[in-house]
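Morning, everyone. I have a few minutes on one structure, so please look at the screen and follow along.

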Protein chains: 2
Amino acid sequence: MKLQDIHSPADIKGLELPELETLASDIRSALLEKLSRHGGHIGPNLGMVEMSIALHYVFDLPTDKIIYDVSHQSYVHKMLTGRMDAFINPDDYDNVTGFTNPHESPTDIFTIGHTSTGVSLAGGLAKARDLKGGRENIIAVVGDGSLSGGEAFEGLDYAATLDSNFIIVVNDNDMSIAENHGGLYQNLKALRESDGTASCNFFKSMGLDYRYVAYGNDLKSLIEVFNEVKDINHPIVVHIATQKGKGYAPAEADKERFHFGGPFDIATGNPLSVSETKDYGTLTAEYLLKMMENDPTVVAITAGTPGVIGFTPDRRQRAGKQFVDVGIAEQEAVALAAGIAKGGGKPYFGVVSSFVQRAYDQLSQDMSINGTPAVIGIFYGTICGMNDVTHLGWFDIALISNIPGVVYLAPTCMEEYFAMLDWAMNQNQYPVALRVPGTKVVETGKEFPKDYSDLNAYAVGRRGSDVAIIAAGNFYGLGEQVADGLKSEGIDATLINPRFLSGIDRQLLMELEADHRLVITLEDGVLDGGFGEKIARFYGTSTMNVQCYGIRKEFVDGYDYASVLEDNHLTSPQIVREVMSMLRK
Amino acid sequence: MKLQDIHSPADIKGLELPELETLASDIRSALLEKLSRHGGHIGPNLGMVEMSIALHYVFDLPTDKIIYDVSHQSYVHKMLTGRMDAFINPDDYDNVTGFTNPHESPTDIFTIGHTSTGVSLAGGLAKARDLKGGRENIIAVVGDGSLSGGEAFEGLDYAATLDSNFIIVVNDNDMSIAENHGGLYQNLKALRESDGTASCNFFKSMGLDYRYVAYGNDLKSLIEVFNEVKDINHPIVVHIATQKGKGYAPAEADKERFHFGGPFDIATGNPLSVSETKDYGTLTAEYLLKMMENDPTVVAITAGTPGVIGFTPDRRQRAGKQFVDVGIAEQEAVALAAGIAKGGGKPYFGVVSSFVQRAYDQLSQDMSINGTPAVIGIFYGTICGMNDVTHLGWFDIALISNIPGVVYLAPTCMEEYFAMLDWAMNQNQYPVALRVPGTKVVETGKEFPKDYSDLNAYAVGRRGSDVAIIAAGNFYGLGEQVADGLKSEGIDATLINPRFLSGIDRQLLMELEADHRLVITLEDGVLDGGFGEKIARFYGTSTMNVQCYGIRKEFVDGYDYASVLEDNHLTSPQIVREVMSMLRK
């Protein structure tokens, strides 16, 4: 059967096993072709080809419901549910998102991008079904490292209390993004090595029934086990060993690199373009490694994404015990950092802006109430970073800066980032978060102060009058552009680098009142709860006018940087025009 | 040995077993005496008497370190570490907080009030010790229901990777606040019933060594096992079965009521004062139970605190399958609610303001991005609620109202709460959070609209001029007082009930510009990231003056309502005085 003839799962229901095997092979080739040109989650999806086919062969969607946890595993599911074109026609490659998406198909129930949520969400569907007297199968597909997240555990703990149909498929490929860590994964290994018979069984200990499938890329085994558990009357875990990157030698060999990546040459597996530019992850890792040489108490921590902070396998080896990957478990990472700092160590936890959301309570309770001098590096906290709705880097300012006691610093360039990092790692008074400035490394060659213990002291870049531009972090460059633009309109604006997102420089703001009538704030994040509003509140009863620039509070998916910036009036010409108009009022 | 002669653990080190037993008995009597007069966590501490003595008898603090998870279990620890007076002298009862507190003693390492953090924090101390080449014992004491929280699981998962001393004491009293739920607790039961020998063992499956102690209120067994694991060279779980409320018949019989409570009569166990007034929990439970009678898809959800939403044992029985206690697992509760709503059910998750912090990511990702019409009731979101630093109800406005898509409503009284709840439960368009108005039920007898689908439409209570008071939720009463106070100063102020914390009524705010020159905002929470700042931003470039009233961003412990309100200029006379002074400017 030709791929282009598959419009819905019904089209594969009548096939015989050999035909399904041919289909799997064709799908894998198409996937590889698309991914090699387009990039995406390579390894996870190559490993899921047979499982996805078998799921759709046995279960009946959309009546039955499959929830893909870390839904970057759902490409083959998409191919089989009316979206084949987006995988076989290069012109249509961008017609689907990289995650399950209810706007694309009724077979996608949730938009899911953060891991470890699938069992919980599917548990809710199962509960709703039971209350409504329904009979459909509810299937959660988890794995690819997502079991280490606390929400997954909480979901399993609840699942065991259901006395009705609930099928939890654990896709065990022995990896998350990098290799797996933690006690749980030792148990998965023991289960794999004993063909599922080890007496010590995490899932059974959670009160769940259990099946093991050793050949998770074998269609026959998969169809058998899914038929066996279909319409089951209680919760069951189907633990399936798959091979990440299956069927493509370079991806099988280097699972970490092929977890997610850009276009590559199919013949060799080599990336089509190699970036020669610096990146903050690499720079941070090298900085920390150097510090580790002289101080055995420095620890780099990641929650399953070592690449974000530049800890490639060789750097992990160099760091030895001074590197910790807790797995996808941000709560643990923050609490661990708090504990290490309290114990006299120097922890640096580097985390993606969108993922630190998991750890708000730990940032507040474990870290800040306890005043532990842990250092948290926030990566991709910018509008111009990840543009999937589930991965927006817009919310960290409101999340972190409003927690009492945390010093949230916003460096404007590479040099300032390292000046601030240096201070943060060597002080022992405050929990410090650092907003790594954007995705591209901006080098200014400037020198920056080494001491940031004078909290909330803003730095004046240029002293002018009439208009003051307070441009935070990434948006300092935009501030410079606006200042230049205003200059050409005859306005000699003041430009301020606030440096601190977590407080205001009352003294400086009061001084501005003498010869300024308008303050504009620029921040690379959502306006609501953000930095600018603090300035607006400060000047609430003065005659100073304040205009806050940032992004509207909304969820946007797969957006284009330029149009979102334009739409939010975040380009220099727009701001200059608006400032001039305000001044004329 | 007399209790008043115990000033540090050294004072009990030389005692023989019979003397220790007498000590335990004396401590239990003193505890009971204090708790009956003062209130506090009764059951948990009565169950911990022997374990606390044995821990201090065997380990050497502050060199060795004990981290009490849910540190409401630490009263006896406090008695043995220099704070006996606060338990035996009524005048000194208030000299200690209800949780571990580093400001009180070097044997208290962290301030801990939220559950499930102990293993993670202690894991950090163990890691720091290893990096520094130390040898001390690190002991985490968990339990009393805290194992169901995802952070505890993440902590155990990491703990298993340590190859050094780490002792995790699980205080298993078969309860959290109410009875325990979830698959994990079935395993604990199986372990208790098999004297720790069940082949299916959750802790072993996590890769941890394991010991079981059946008689957790027997000093001899406890001292033996602690001596056995002292200085152990790897992580180990010591699973200890204790009896919650041990040694006091009424607390043994009614574990849920005696988990935490006010003063009671020792002879009967009856509370000394019974409140006859209504409370929002009871009212909410009765409302939901009535709804459940006609709609089988209505579900009340709690994360281990059923009492907060009035679900006493008899009401839980009445609700049957329509009541879910997921255990202490707020992430699961929110995701489950999102799943139930997506599946067509009507979930209501009631949660304490401070505890919902655990679920920011789930509120954002699972609930809001997916637009699931789940309803979240936020209890004790007020300055005048819980006053422990770990339980402040100040942060939920900044936490929830800045998430796109959530409608966060702030009713001003009982009648408005139920009008809004009614709308929230019967609509299927938005995720809705409701800020239950304060701790005391305020009845106004007023009628309120039944429809809140016109988002962000504020309600004008009184229309005046010059000054507009936008008084949110709980603080509407304060707004009325201020309006009255201004009236007597000759100002006929406008009073507005914004109803929505998550957005602004641009139309109304613009209209105010015609005949008002000052807007004040009143909110029962932290100013930073809160409601008032949105109003200040809106008016940033207009001539309208804005003054935001709320609480400063800081952590305060065991505070007195009146002085914190005064200190933050939140009394009506202060506000009236300041408004008059601003008008004269």
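Let me begin with a question: what do the side chains of B:Lys189 and B:Glu193 meet in? They meet in a salt bridge, at 3.7 Å from N to O. Please keep in mind that this is a predicted model. In general, side chains of opposite charge can pair when their charged atoms come close. These two residues sit four apart in helix α9 (residues 183–193) of chain B, so about one helical turn separates them. B:Lys189 counts as partly exposed, because its relative accessibility is 36%. B:Glu193 counts as exposed, at 61%.

Now a pair in chain A. A:Arg28 forms a salt bridge with A:Glu50, and the closest N and O atoms are 2.9 Å apart. A:Arg28 lies in helix α2 (residues 17–38) of chain A and A:Glu50 in helix α4 (residues 49–58), so the bridge ties together parts that are 22 residues apart in sequence. Are these two residues buried or exposed? Both A:Arg28 and A:Glu50 are buried.

Back to chain B. B:Glu136 forms a salt bridge with B:Lys65, with 3.9 Å between the closest N and O atoms. This pair links distant parts of the chain, 71 residues apart: B:Lys65 is in strand β1 (residues 65–68), and B:Glu136 is in the loop between α7 (118–132) and β2 (138–143). B:Glu136 is buried, with a relative accessible area of 18%.

Salt bridges can also form a network, as A:Lys78, A:Arg83, A:Glu104 and A:Asp108 do. Over all chains the count comes to 66 salt bridges.

Next, the interface. How many salt bridges are counted between chain A and chain B? The count is eight. B:Asp528 forms a salt bridge with A:Arg537, the closest N and O atoms being 3.3 Å apart. On the side of chain A that touches chain B, the residues divide into 38 nonpolar, 45 polar and 21 charged. In total, 104 residues of chain A are in contact with 105 residues of chain B. The area buried between the chains is about 8,400 Å², and carbon and sulfur atoms give 57% of that.

Where is B:Thr297 placed? B:Thr297 is in the loop between α13 (280–294) and β6 (298–302) of chain B. B:Thr297 is buried, at a relative accessible area of 10%. Its side chain makes a polar contact with the side chain of B:Asp295, at 2.7 Å. B:Thr297 also touches residues of both chains, including A:Leu131, A:Lys132 and B:Gln322.

How values were computed: Residues are numbered from 1 along each chain as its sequence is written. Chains are lettered from A and ligands numbered from 1 in the order in which they are written. This is a predicted model: local features need pLDDT of at least 70, side-chain atom pairs count only at pLDDT 80 or more; totals for chains, interfaces and linings use all residues. Side-chain values use heavy atoms; hydrogens and water are left out. Contact means heavy atoms within 4.5 Å. Buried area is the accessible area (1.4 Å probe) that two parts lose on being put together, summed over both. A salt bridge is a side-chain nitrogen of Lys or Arg within 4 Å of a carboxyl oxygen of Asp or Glu. Ala, Val, Leu, Ile, Met, Phe, Trp, Tyr, Cys and Pro count as nonpolar, Asp, Glu, Lys and Arg as charged, and the others, Gly among them, as polar. Buried means under 20% relative accessible area, exposed over 50%, partly exposed in between (1.4 Å probe, protein chains only). A polar contact is a pair of N or O atoms within 3.5 Å; within protein, one must be able to donate a hydrogen and the other to accept it, and residues adjacent in sequence count only if both atoms are side-chain atoms. Lists of a residue's contacts leave out its neighbours within four places in sequence.
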